[in-house]
Amino acid sequence: MEKDVTNPLIKALNKLPMTQVWKRHSSGSSNNTNKPDVTGSHYGIRLEIEVKRPGKKPRSGQYKELRKFRKLGCIAFWTDDVQDGLDQLAFWYKVINREIEHPGYQDLKPKKPLIIKDLVA
């Protein structure tokens, strides 16, 4: 189930320094349609994470929301695994801080496949 990934991920993220995240509750509100499940901040950078059940992928509207957040300068990604989520956070934090290059980050259309999960539908 999705909560089997979401709850441990939130717990693990909140143990990191300078990080505070929480679950976004949709409660059927159209304002939260396609919004990522987990939101918060990591070292002052807004963080948005779509969590899926293991083996599942986001819907097209969810990809669109993640791309929108990335264009605003947020760290935004999807995951279906706790360790993968932690690894992606570390990766995208380095990209945002220009410690490593990622040619697809700005236009969100990578020129070649990445090992780490990206937002290419």
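First, a word on the model: it is predicted, so local features need pLDDT of at least 70 and side-chain atom pairs count only at pLDDT 80 or more, while totals for chains, interfaces and linings use all residues. Residues are numbered from 1 along each chain as its sequence is written, and side-chain values use heavy atoms, with hydrogens and water left out.

Let's start with the layout. The chain has four helices and four strands; these are DSSP runs numbered from the N terminus, with helices being H or I of at least four residues and strands being E of at least two. From the N terminus on, the order is α-β-β-β-α-β-α-α. Of the 121 residues, 41% count as buried, where buried means under 20% relative accessible area, exposed over 50%, and partly exposed in between, using a 1.4 Å probe and protein chains only.

Now the sheet. Four strands form an open, mixed sheet in the order E1-E2-E3-E4; two strands pair if DSSP finds at least two bridges between them. At the edges sit E1 (19–23) and E4 (75–79), each pairing on one side only. Strand E3 (residues 45–51) runs parallel to E4, with five bridges between them, and glutamate 48 stands opposite alanine 76 in E4.

What packs on this sheet? Helix H2 (residues 60–71) does, touching E3 and E4, and its direction makes about 155° with that of E4. Here contact means heavy atoms within 4.5 Å, and angles run from 0 to 180 degrees between N-to-C directions, with axes fitted to C-alpha atoms, for helices over the stretch in contact.

Within H2 you will find glutamate 65. Is glutamate 65 buried or exposed? Glutamate 65 is buried, with a relative accessible area of 13%. Leaving aside neighbours within four places in sequence, glutamate 65 touches Asn34 and Lys35.

On to helix H3, which lies across E2 (38–42), E3 and E4, at about 155° to E4. The buried residues of H3 are Asp84, Gly85, Gln88, Leu89, Trp92, Val95 and Ile96. They cover an arc of only 140° around the axis, so they lie on the same side of H3; that arc is taken from the directions from the helix axis to the C-beta atoms. After H3 comes arginine 98, whose phi is positive, near 60°.
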